[in-house]
Amino acid sequence: MMPRTPISPSVEITELASKRFTTPRLAYDSAVSLDREYRPRLHFTPAKNWMNDPNGLVWHKGEYHLFFQHNPFGTQWGHMSWGHAVSKDLIHWEELPVAIAEGDDGAIFSGSAVSIGDEIVAIYTRHTETNQSQCIARSSDNGRTFVKFETNPVLDENKKDFRDPKVFRYQDHWIMCAVQPWDHQVSFYKSLDLVTWQHLSNFGPAAAINGVWECPDLFPLTLAGSEYWVLLVSLNPGGLYGSGTQYFIGDFDGTTFTAMYSTDEPRWLDYGRDNYAGVTFNNEPNGKRILIGWMANWEFVKEHPQTSWTNAMTIPRELGLTKYANEIVLTQQPMCELTYEIKVPMPTTGIVGLEGFVKVGYNADAKVVFIDQFEASYEVDADELHLKVVVDQSSIELFTGDGIRAITMATFPPLGSSRELVSFSQ
Ligand code: FRU
């Protein structure tokens, strides 16, 4: 028998295409090439069709669950349902069938999930043309299927816009935060059973308000033995570039969230264009606070190339706190193997970094870290410059080693471009 010569997938696909197709060849070729070229290796994407916000992030009985805003029928936004994927390590995801599908009663907008004994309970926004209200659905098969609560909604303020409930355990009860998008407010509620909710307080308007507020999250983190509360609020538009996420550090006393710094100026979670609607896991077994965001931007997503899926999630990030410029700030550390890492004596002048399909690095004259045109001020008193870079087929994420700055960019270089970067200094 002749030994078989292995052929690379690219050769195989090109040959098949030319044999099977005569006229629509261009379209076929380009669709195949786009999919092959841009499908991420490290980042979660659905096998096909549209995805936006991460939803219902929860660890339950040995699995991390990533539900997500999903159109099961097309590559554009619509028919909002909760798609579903599970992972043991937050990197390798197995996509499962749609968990909660759009129904006659409305679409399934963003929300959260909690683990109670053997059950996962999802708390989501039911969306109709005239009303948004909060509903619950229960799963007793580890999130594979859900049964909607008979007497949904559980929280209805008779509003057209009122959405994105994040529920978490607080002492002996549940707290929900949800947004009043046009009032630029996060509303807090309390419940003993996830069914009857009592309004506690509102936070906002504050800091960035040039867009609707969406997808809030509230959680505690500790720094030097003290507990602080972090409130995340996404807004669209009104971020640095279209949609973006701001955060507040402060205190939550069980009723009210109070920001501890002036809220005249926003504090941004990310200085790139493509990290939106990020929220954190409930019930994380190692006590970590882990965020996943949607790696896109409502203003620019229409420019993404036509692949058979639309959009990826950011790499999961462990959140923490540190001191920077006399304030306590939020930090982010990528939870994956790095593609590149820079560790050099802290330059006092010039630019150092990596270049190729993008330019990424630190400009010591301007005191900024950057990916192409996206910059974040970065002034630390350190002997070493430490940068962490995660490159994938259609994205790049930059983190400072201390986690103080993150820049996230979805990018679709011309077909055939190398994703390799080489170091430079100037
Ligand atoms: C944020 C958002 C949410 C909403 C969902 C709908 O990206 O607009 O406020 O629940 O997307 O898909």
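**Group meeting: strands, sheets and a ligand shell**

Strand E6 (residues 119-127) and strand E7 (residues 132-139) run antiparallel and are joined by 8 bridges. Strands here are DSSP runs of E with at least two residues, numbered from the N terminus. Two strands count as paired if DSSP finds at least two bridges between them. Within this pair, Val-121 has Arg-138 in E7 as its bridge partner.

Before going on, a word on the model. It is predicted, so local features need pLDDT of at least 70 and side-chain atom pairs count only at pLDDT 80 or more, while totals for chains, interfaces and linings use all residues. Residue numbers start from 1 along each chain, as its sequence is written.

Back to the sheet. E6 and E7 belong to an open sheet of 4 strands, ordered E5-E6-E7-E8, with antiparallel pairing. Which strands stand at its edges? They are E5 and strand E8 (147-148). Each has a single partner strand, so one side of each is left without a neighbour in the sheet.

Next, another open sheet. It has 5 strands in the order E4-E3-E2-E1-E19, and the pairing is mixed. Strand E4 (93-100) and strand E19 (309-310) stand at the edges. Each of these has a single partner strand, so one of its sides lacks a neighbour in the sheet. Strand E3 (residues 81-87) pairs with E4 in the antiparallel sense, over 5 bridges. There, Trp-82 stands opposite Ile-100 in E4.

Now strand E18 (residues 290-294). It is mostly covered: 4 of its 5 residues are buried. Buried means 20 or more other C-beta atoms within 10 Å of the residue's own, exposed means 12 or fewer, and partly exposed is in between; C-beta atoms are placed from the backbone. Which strands are joined to E18? Strand E17 (residues 276-280) runs antiparallel to E18, with 3 bridges. Thr-280 has Leu-291 in E18 as its bridge partner. Strand E20 (residues 317-324) is also antiparallel to E18, through 2 bridges. Here Ile-290 is partnered with Glu-318 in E20.

Last, the ligand. The residues around it include Asn-52, Phe-109, Arg-163, Glu-214 and Ala-277. A residue counts as near a molecule if its C-beta atom, placed from the backbone, lies within 6 Å of it. Strands E1 (49-60), E5 (107-116), E9 (163-170) and E13 (212-223) each supply at least two residues of this shell. By type, the shell divides into 4 nonpolar, 4 polar and 4 charged residues. Nonpolar means Ala, Val, Leu, Ile, Met, Phe, Trp, Tyr, Cys and Pro; charged means Asp, Glu, Lys and Arg; the others, Gly among them, are polar.
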